[in-house]
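I am keeping these notes while I go through one protein model. Each entry says what I looked up and what I found.

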Amino acid sequence: MEIFYDLEGMQKWCLNHKLRGKKIGLVPTMGYLHAGHLALVKEAGIFCDIVVVSIFVNPLQFGQGEDFSEYPRDLSQDISLLEAEKVQAVFAPQARDMYPLGYNTFLEVTGSMTDKLCGKSRPGHFRGVTTVVGKLFNICQPDLAFFGQKDIQQLIIIEKMVREFNFPLEIIRVPIVRENDGLAISSRNVYLSKPQREASLILNKALQLAKKLIADGERKAEVLRQKLTSLIESEQEAFIDYIGIVDEVDLANLSDLTEAQGKVIVALAVKIGNTRLIDNLLVEV
């Protein structure tokens, strides 16, 4: 497995493989890899000749007061996990190289798609995400890029960016990976104490309630929101950031689920203690 820290070396290596007709798959990560990341890596290995995993904690997507400095990191462990998966290359750049002194160029999807849900709670977050992902696409030259559905808003925004900026690649969605008890796997789960870990199950319980209510015929978004709010607030450790009920196509807010152009997304952001967790469910109506 090749490990690259410099941008030019990574780009040249990828371009050489493309010239030989190899299909490159990129799995962008912020490291501290877990089963969710490895599911993306395995999926990339099915479709691609070459799998590149980027490991970069992107400062642009963290706001003031967020956990950039505390975000868990373990590059040596990440490399060991990726070697076991027979990944061909790891790209682990430094922030000073990705954003050198005087850096002032950004790639941004604007409008209602980015100013709701996590975009409302974390101003500037998605500009940081799309900027770094655009740079990774240019550096690593993927034919396919793999993203998890746990970050569903991010995924849909990146799909829009790829379409509108004519990136010559395809985005592959990979389903959420969960613990046996239903908690969506996340690097931030390590912050949870034992009681908080138990309390965090309220997110999946709320999504399962939404699924049942919709299956039973409920179509009013406000009714769903009220019932989910009541359930989540019954857990003392849980504090709701948002409960979003939106259209999968353009993330438009829905008042009636029958208005949806595609699937309906029920999206949650809930703080358990000081740890902000997100989860979502896609429902066919």
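**Entry 1**

Does D256 count as buried or exposed, and at what relative accessibility? I looked it up: D256 counts as buried because its relative accessibility is 15%, and the cut-off for buried is under 20%. I note here that the model is a predicted one.

I then looked for a partner of D256. K220 forms a salt bridge with D256, and the closest N and O atoms are 3.0 Å apart. K220 sits in the loop between α9 (202-215) and α10 (221-233), while D256 sits in the loop between β7 and β8, so the pair ties together parts that are 36 residues apart in sequence. K220 has a relative accessible area of 44%, so I wrote it down as partly exposed.

**Entry 1: other salt bridges**

I looked up the total and found 14 salt bridges. Side chains of opposite charge can pair when their charged atoms come close.

I picked R188 and D67 next. Their side chains meet in a salt bridge with an N to O distance of 3.0 Å. R188 is in the loop between β6 (170-174) and α8 (194-199), and D67 is in the loop between β3 (50-55) and α3 (75-84), so this pair ties together parts that are 121 residues apart in sequence. I checked burial as well, and both R188 and D67 are buried.

My next pair was E159 and R173, which form a salt bridge with the closest N and O atoms 2.9 Å apart. E159 belongs to helix α7 (residues 152-164) and R173 to strand β6, so the pair ties together parts that are 14 residues apart in sequence. E159 counts as buried because its relative accessibility is 17%. R173 counts as partly exposed because its value is 24%. I also found that E159, R173 and E248 are linked in a network of salt bridges.

How many of the nine residues of strand β8 (residues 264-272) are buried? I found eight, so the strand is largely enclosed by the rest of the structure.

I looked up the pairing on each side. Strand β7 (residues 238-247) pairs with β8 in the antiparallel sense over nine bridges. Within that part of the model, I240 stands opposite V270 in β8. Strand β9 (residues 275-283) also runs antiparallel to β8, and nine bridges join them. I272 has T275 in β9 as its bridge partner.

I then looked at the turn. β8 and β9 form a hairpin with two residues between them. G273 in this turn has a positive phi of about 65 degrees.

**Entry 2: the nonpolar cores**

I looked up the largest nonpolar core and found 46 residues in it. M10, V52, F91, M98, F137, I158 and I171 touch the most other members. Helix α6 (residues 125-140) gives the largest share of this core, eight residues. There is also a second, separate core of 29 residues, which includes A238, I243, L277 and V283.

I listed contacts for M10, leaving out residues up to four places away in sequence. M10 touches F4, V52, A89, F91, I139 and C140.

A145 counts as buried because its relative accessibility is 0%. Not counting residues up to four places away in sequence, A145 touches L26, F137, L169, E170, I171 and I172. The C-alpha atoms of A145 and V53 are 10.0 Å apart, and these residues are 92 residues apart along the chain.

**Entry 3: positive phi outside glycine**

I looked for residues other than glycine with a positive phi. K86 has one of about 60 degrees, and K86 lies in the loop between α3 and β4 (89-91). K86 counts as exposed because its relative accessibility is 66%.

L117 has a positive phi near 50 degrees. L117 lies in the loop between α4 (95-98) and α5 (118-121).

**Entry 4: a nonpolar surface patch**

Which residues make the nonpolar surface patch of about 320 Å²? I found M1, I3, Y5 and L75. I3 lies in strand β1 (residues 2-4), and I3 counts as partly exposed because its relative accessibility is 32%.

Note on methods
Residues numbered from 1 in each chain as written. Predicted model: local features only at pLDDT ≥ 70, side-chain atom pairs only at ≥ 80, totals over all residues. Heavy atoms only, no water. Patch = residues over 30% accessible without salt bridge, like charges linked within 9 Å, V, L, I, M, F, W, Y side chains within 5 Å. Areas by Shrake-Rupley, 256 points an atom, 1.4 Å probe, with all protein chains shown as cover. Salt bridge = Lys/Arg side-chain N within 4 Å of Asp/Glu carboxyl O. Helix = DSSP H or I, 4+ residues; strand = E, 2+ residues; numbered from the N terminus. Buried < 20%, exposed > 50% of the residue type's maximum accessible area, 1.4 Å probe, protein only. Pairing = 2+ DSSP bridges. Core = buried A, V, L, I, M, F, W, Y, C linked by side-chain atoms within 4.5 Å. Contact = heavy atoms within 4.5 Å.
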